[in-house]
Each structure stands twice: as structure tokens, then as C-alpha cells.
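My notes follow in the order I checked things.

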Amino acid sequence: MAGVGAAPPAGLLLRPATASDLDAVVLIERVSFSDPPWSRRSFASLLDDPRVRFTVACAPAAGGGGNAVVGYMVMWLVADEAELANLAVAPARRREGIGRYLLDSAMAEALAGGAKSLYLEVRESNVAARALYGGRGFLAVGRRSAYYRNPTEDALLLRYRPPQVGRGAVS
Ligand SMILES: CC(C)(COP(=O)(O)OP(=O)(O)OC[C@H]1O[C@@H](n2cnc3c(N)ncnc32)[C@H](O)[C@@H]1OP(=O)(O)O)[C@@H](O)C(=O)NCCC(=O)NCCS
């Protein structure tokens, strides 16, 4: 397993999303989620929200022509909690380490922003995402019954808490 802070997959660049990324983000969203997918307007509303980290992963497009958006993540940072609200990678670019790199960057940003816990919800049957999160130390701390539609399914609530230096030490 690549360690947290590992080098990005070849050519990959993460940067804050801009309005010009929304078409590509919405295309990936539509093929990634059925519940229903977030709308363009929903993504657009995140761009100027100071509580939100909306990051895109870009990689050189096949056959040249500059960089293309190949994945994204959305995270809320409120007080000392963070919530990873969305993460997806273009189907043609999965299993290249892009999702893990986006997740690592979200975890690092959450910690840098003072979060003591990072939460997310995941479909119980989402084997790929559960393996990704489990590999980064997320643990199930709850279940939301029939949380998802299309098809109806429970969500697992996962939480990551960074190890705290000196926890329990007598000072
Ligand atoms: C989940 C998702 C973001 C993973 O992105 P990715 O770029 O393909 O993931 P990575 O290549 O970084 O894989 C990291 C680890 O995740 C796990 N993983 C990823 N895809 C997997 C799959 N299809 N089956 C099992 N494990 C998988 C593996 O542990 C993998 O590590 P490994 O390649 O060393 O075995 C991607 O599958 C996706 O966009 N799915 C649709 C949207 C979605 O479900 N988002 C999460 C919502 S909670």
C-alpha cells in the first residue's frame, strides 16, 4: 500500500475547482452515482464557499491537448469536524491511485484545518470505496437505514481520527 503523503500518480495535479471544471465534474458525477447525482448548480454553489474544499485532479489528456479533469473531491470543514461529501474518479482512470491521492489530500487538508475527525457516508455495497477508506484507517461508527435511493440501501457512517501524540500521557 502506498503510504500517506506518497507521490502522486504520474502527471497528476490537484488544484481548487473553478467554474470551467464544472462540465467535466458533472460528467464524472453522472456516471459515478445514481442517487441522484449532484447537479451542476449544486457544484457551482460550492465554488465560493469558504467552508468547502472542492478539489479537482487533472492529468494529461490521452493524445495530448492539455490537462483533463479525471476526478474530484468535496469536503466540508466546520469547527473541528470535517465531512468528505463527495469523491469520484472517471471510470477510465480508476485503479491508478487517483482516488487514494484525492483522499490523502482531503485528510491532510482536514488536519491542517484543525479537524479532529473526518466523517463520510458510503453505500454498504460500495466495495471499492470501502476498501479505499478502510485502507486509510476509517472505521464504521454508525449506520443510516435506507439512506440511499435508486436502489434503496443503508449508508455506513465512517470516521477517521488521526492518532494524537501523547494521548493519555500524564503531564
Ligand atoms: C471509489 C473510487 C473513488 C476509487 O477511486 P480509484 O482512483 O479507482 O481508487 P485507487 O486506484 O486510488 O485505489 C485505492 C484503493 O482503493 C481500493 N479499491 C479501489 N477500487 C477498487 C475496486 N474496484 N475493488 C476493490 N478495491 C478497490 C483498493 O484498496 C485500492 O488500492 P490498491 O489499488 O492498492 O489495491 C472510484 O471507484 C469511484 O469513483 N467510484 C464511484 C464513486 C464512488 O463510489 N465514490 C465514493 C463515494 S463514498
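I began with the largest pocket, whose volume is about 1200 Å³. A pocket here is an open set of points on a 1 Å grid over the protein atoms alone, where a 1.4 Å probe fits, with protein on both sides within 12 Å along at least five of seven lines; lining residues have an atom within 4 Å of a point. The volume is the space filled by probe spheres set on the points, which are joined across faces, edges and corners.

I noted that the model is predicted: local features need pLDDT of at least 70, side-chain atom pairs count only at pLDDT 80 or more, and totals for chains, interfaces and linings use all residues. Residues are numbered from 1 along each chain as its sequence is written, and side-chain values use heavy atoms, with hydrogens and water left out.

I then listed the lining. It has 39 residues, and Phe33, Leu87, Asn126, Ala129 and Tyr133 lie nearest the pocket centre. H1, E4, H3, E5, H4 and strand E6 (139-148) each give two or more residues. E4 gives the most, with seven. Helices (H or I, at least four residues) and strands (E, at least two) are DSSP runs, numbered from the N terminus.

Next I looked at the packing. The largest nonpolar core has 27 residues, and Met75, Leu84, Leu118, Tyr133 and Phe138 have the most contacts inside it. Such a core is a set of buried Ala, Val, Leu, Ile, Met, Phe, Trp, Tyr and Cys residues joined through side-chain atoms within 4.5 Å. H3 gives the most to this core, with six residues. A second, separate core of 16 residues includes Ile28, Phe54, Val69 and Tyr72.

Met75 counts as buried because its relative accessibility is 0%; buried means under 20% relative accessible area, exposed over 50%, and partly exposed in between (1.4 Å probe, protein chains only). Beyond four places in sequence, Met75 touches residues including Arg51, Leu84, Ala106 and Leu118. Contact means heavy atoms within 4.5 Å.
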